[in-house]
Amino acid sequence: MVKDRMVELLQEHFELNLYEARAYVALVGFGVLTPAELASVSEVPAPRTYDVLRSLEKKGFAISQPGKVNKYRPVHPENILEKFIEEWQERVKEELEAKKKAKEELLELMRPLIETEIPKYGVERVWVVRGIRNATLKTKEMFEEVKEQILLADDGYIAINLESDLLKAIDNGAKAKIIVTEPVLKRLEASSKILDYAKKGKLELRVLDKFELPMLICDDEVFFALEDMAARYFNYETQVWIKDFRIKALFEAKFNEYWENAKKV
């Protein structure tokens, strides 16, 4: 119904609750209403009409006419909705500036922690990361911090979805060897700069039918997913991050095995 849609829009976009939205729609429809009349023509419960109308007045959506029985009329929708948007824009602008200032202050306060010679991740060298969002953030962080070498055996996510982060790391000086499966290669051929980088010699790219252990190695960090098809289906598979030169050597050996069996692109 049209009325229900009006109420829905007022709730979703103009910060009115359900009863306030119903009351405002009724006021626009009838022009002037007392609290008792509002209860009879809308779905606002009688015990709530006084509070709801006063709240609408406070928010600028209604004007009251004092008397023996207070009457309320709506502020014209064009006026109040436009005013709301203008105020909202100013509020958002102020909140954005406040967040930017807070970010700068936090970075300044945290600089001693960031720059300390104590290892960034403390004594821990193994972390578990769950969910596609967290895995993406961790992978981006690895690409940002890599200095020398990237080894990527990818069967479907990183090369396609984090291409810009990968290529930026290469532009910053990291050398990269990438192995992808045939389906991933076909998607890269459709629209990807990775093949251009490979043709220009900025990275080495090979293709392999399949591999049991997709992995990402950035310098001495290793990132891989535990096999769990149900978790992968729901984007909640478990990834393991390890920072240890011995583990890195084991994974690099496996990567080199894949590399030898892969075909040049």
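Which residue in strand 5 is the bridge partner of Ala153? Keep that in mind while we walk through the model; the reply comes in point 5.

1. **What you are looking at.** This is a predicted model, in which local features need pLDDT of at least 70 and side-chain atom pairs count only at pLDDT 80 or more, while totals for chains, interfaces and linings use all residues. Residues are numbered from 1 along each chain as its sequence is written, and side-chain values use heavy atoms, with hydrogens and water left out.

2. **Confidence.** The score called pLDDT is the predictor's confidence in each residue, from 0 to 100. Its mean over the protein chain is 87, and 92% of the residues reach 70 or more. Where pLDDT is low, the predicted coordinates should not be read in detail.

3. **Two domains.** The domain assignment, which is automatic or taken from a database, gives domain 1 (1-75) and domain 2 (126-264). Their centres, taken over C-alpha atoms, are separated by 57 Å.

4. Axes here are lines fitted to C-alpha atoms, for helices over the stretch in contact, with angles from 0 to 180 degrees between N-to-C directions. Helix 1 (residues 2-13) and helix 2 have axes that come within 9 Å and cross at roughly 125 degrees. They are therefore oblique to each other (under 35 degrees counts as roughly parallel, over 145 as roughly antiparallel, 65 to 115 as roughly perpendicular, and the rest as oblique). Their contact (heavy atoms within 4.5 Å) includes Met6 and Leu10 of helix 1 and Ala21 and Val25 of helix 2. Helix 2 also meets helix 4 (residues 49-58): these axes come within 9 Å and cross at roughly 80 degrees, so the two helices are roughly perpendicular. Among the residues in that contact are Tyr24 and Leu27 of helix 2 and Leu53 and Leu56 of helix 4. Strand 1 (residues 62-65) and strand 2 (residues 71-74) run antiparallel, joined by four bridges, and form a hairpin with five residues between them.

5. An open sheet of eight strands has the order 3-9-8-7-4-5-6-10, with mixed pairing (two strands pair if DSSP finds at least two bridges between them). Strand 3 (126-130) and strand 10 (263-264) stand at the edges with a single partner strand each, so one side of each has no neighbour in the sheet. Helix 9 (residues 182-190) packs on the sheet, touching strands 4, 5, 6 and 10. Strand 4 (residues 149-154) and strand 5 (residues 175-180) run parallel, joined by six bridges. Here is the reply to the opening question: Ala153 has Ile179 as its bridge partner in strand 5. Four bridges join strand 5 to strand 6 (residues 204-207), again in parallel, and Val180 stands opposite Val207 in strand 6.
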